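Please walk me through this structure, beginning with the fold of one chain and then turning to how the two chains meet.

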Amino acid sequence: MSDAAAHEFQFASAEHQRETAISGIWLFLATEALFFGPIFLSWIFARHADPSAFDVGGRRTDLTIGLANTALLIASSFAYGVGLALIGFGRRRGMVAWLAIAWALGAAFIGLKFGVEWRTELSEGLFPGAHFSIHGPARSGAQLFFAFYFFATALHGLHLLIGLGLLAWIIIQAERFTAENHTPVHVVGLYWTFIDVIWLILFPLIYLIGRAS
Amino acid sequence: MTAIVLRLVAVASLMFALLAAEFAATFVFSGWGRGGVAIIAITMAAVAAFGFMDLHQEDVTVWLFAAAAVLWLTILLGLGSLDPFTRSLFPTNSMTP
């Protein structure tokens, strides 16, 4: 598949192959939306059971890190978009540079979330269980919140780690891609931005709703 | 090329503006409340889908898959929420040992 106009035998043309790949990743993302759906539903269930206690947990999260991480992912999707545009014009080195920026921003998210935020929360006894540090009538609701929080952010973080691996693979394989043939760059970009979209929903559920009046 | 980058800058700027609006709805304009925060979050997801993922440029198959995702999520969250939102909880006397 080194020839720009070449395509696999089962496709009528290179464009047909590209369209199939793009449709395939969108179908995968649709199943991913359903994968995260029950997590959002669990938030609705858990919060509805005892809203005030659930919000006590939400107010114990680190809003500054949450905001910084949201900005990092938006900037990362932007950087990936620029990289994808550049390879569309055959500018491979520019693509690699912008994709490296996108990778670094994603890695910074992982570092902040798990290296700083989780570590602080675990040291403060916010992991649900016998040693949970919030006491009183809000204890059960706050534990439900942090059960949702740790599970949802771990699952999102796992997706982001997979995205970082895919992005690194695109950067390593950059020599393969041309202005005419760069479908994998497009496909990984859709997955990368989808991770951003999931976070855009998780962010208010974790950090804002509990603080809103 | 410049036009594409300018469009991406506009999309990213809009996302940051919506992020600021989310904060305003949470801390400044209390009248917007949680519903306002949720609407802004869904708007941000839509802006990312169209602005960064270029959904509007894709063919009908992709639109079908994207619409299916929204439909499946709506059914899941809509019907799933019916139970907690329509159930009446009556207080009971519980004996603690």
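**From one chain to the interface**

In this predicted model, chain A is built from six helices and has zero strands, so that its pattern, read along the sequence, is α-α-α-α-α-α. The C-alpha trace of chain A spans about 65 × 30 × 30 Å along its principal axes.

The size of an interface is often given as the accessible area lost when the parts come together. Between chain A and chain B the buried area is about 4000 Å², and carbon and sulfur atoms give 82% of that area. Of the area that chain A buries against chain B, Trp26(A), Ile74(A) and Phe78(A) supply 16%, which is more than any other three residues. Counted by residues, the contact draws 47 from chain A and 40 from chain B.

The polar side of the interface can be described pair by pair. Four residue pairs are in polar contact across the interface of chain A and chain B, with both residues of each pair at pLDDT 80 or more. The count of salt bridges between the two chains is one, and in it the side chain of Arg34(B) meets that of Asp55(A) at 3.5 Å, taken from N to O.

As for the elements that form the side of chain A that touches chain B, those giving two or more residues are helix H1 (14-49), helix H3 (63-88) and helix H6 (183-208) of chain A. H1(A) gives the most to this side, with 18 residues. The residues on this side of chain A divide into 32 nonpolar, nine polar and six charged.

One helix pair across the interface can be followed in detail. Two packed helices are described by the angle between their axes and the distance between the axes. For H6(A) and helix H2 (residues 33-51) of chain B, the axes come within 9 Å and cross at roughly 170°. Because angles over 145 degrees count as roughly antiparallel, H6(A) is roughly antiparallel to H2(B).

Where these two helices meet, H6(A) brings Thr193(A), Val197(A), Leu200(A), Ile201(A), Pro204(A) and Leu208(A), while H2(B) brings Val37(B), Ala41(B), Met44(B), Ala45(B) and Ala48(B). The residues in the contact of H6(A) with H2(B) divide into 10 nonpolar, one polar and no charged.

Definitions and conventions
Residues are numbered from 1 along each chain as its sequence is written. Chains are lettered from A and ligands numbered from 1 in the order in which they are written. This is a predicted model: local features need pLDDT of at least 70, side-chain atom pairs count only at pLDDT 80 or more; totals for chains, interfaces and linings use all residues. Side-chain values use heavy atoms; hydrogens and water are left out. Contact means heavy atoms within 4.5 Å. Buried area is the accessible area (1.4 Å probe) that two parts lose on being put together, summed over both. A salt bridge is a side-chain nitrogen of Lys or Arg within 4 Å of a carboxyl oxygen of Asp or Glu. A polar contact is a pair of N or O atoms within 3.5 Å; within protein, one must be able to donate a hydrogen and the other to accept it, and residues adjacent in sequence count only if both atoms are side-chain atoms. Helices (H or I, at least four residues) and strands (E, at least two) are DSSP runs, numbered from the N terminus. Ala, Val, Leu, Ile, Met, Phe, Trp, Tyr, Cys and Pro count as nonpolar, Asp, Glu, Lys and Arg as charged, and the others, Gly among them, as polar. Axes are lines fitted to C-alpha atoms, for helices over the stretch in contact, and angles run from 0 to 180 degrees between N-to-C directions. Angles under 35 degrees count as roughly parallel, over 145 as roughly antiparallel, 65 to 115 as roughly perpendicular and the rest as oblique.
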